Amino acid sequence: MSKAKAQANTLTSLQVTKVFSRIRLMSNPYQKAAIIALSLSGLRVTELSKISVSDLVTKSGEIRSEIALRAAITKGRKDASQDLFGCRSALESYYKLI
């Protein structure tokens with residue numbers, strides 16, 4: 001009998017409430033949009049917490065269309081990628097300010 005694959009953990013209702021409570025405290029609307037967009041991008045919590053600016057931004061200062069996830073931060077310890085199409089404009093707006 002084979003082992004069933006474990007499902008990725010998702011945020012509980014209480015955790016989602018805490019995230020939005022923290023976001024409400026942020027004064028920069030572009031930062032709020034970037035955080036919300038990344039939260040909904042499909043990245044796992046651990047991946048999201050361990051990405052760096054260089055993972056999102058090219059050396060020329062452009063937001064990548066896809067993020068390359070290092071094996072060290074992915075669930076299966078294998079290199080992976082995630083499309084940033086849905087949150088790219090929010091990230092671009094925020095990155096122009098920092």
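## Helices and strands

This protein holds five helices and two strands. Keep in mind as you look at the structure that the model is predicted. If you start at the N terminus and follow the chain, the elements come in the order α-α-α-α-β-β-α.

The protein has 98 residues, and 20% of them are buried.

How do parts of the chain meet? Take the contacts with a separation of 6 or more: 42% of them are between residues 24 or more positions apart.

## A nonpolar patch

Now look for L11, V16, V19, F20 and V45, which make a nonpolar surface patch of about 370 Å². Helix α1, spanning residues 13–25, supplies the largest share of this patch, with three residues.

F20 sits in helix α1. Is F20 buried, exposed or partly exposed? Its relative accessibility is 36%, and because buried means under 20% and exposed means over 50%, F20 counts as partly exposed.

## The largest pocket

Which helix gives the most to the lining? That is α2, with six residues.

Terms used. Residues are numbered from 1 along each chain as its sequence is written. This is a predicted model: local features need pLDDT of at least 70, side-chain atom pairs count only at pLDDT 80 or more; totals for chains, interfaces and linings use all residues. Side-chain values use heavy atoms; hydrogens and water are left out. Helices (H or I, at least four residues) and strands (E, at least two) are DSSP runs, numbered from the N terminus. Buried means under 20% relative accessible area, exposed over 50%, partly exposed in between (1.4 Å probe, protein chains only). Contact means heavy atoms within 4.5 Å. Patches are made of residues with over 30% relative accessible area and no salt bridge: like charges are joined within 9 Å, nonpolar side chains (Val, Leu, Ile, Met, Phe, Trp, Tyr) within 5 Å. Accessible areas come from the Shrake-Rupley method with a 1.4 Å probe; for residues, only the protein chains shown count as cover. A salt bridge is a side-chain nitrogen of Lys or Arg within 4 Å of a carboxyl oxygen of Asp or Glu.
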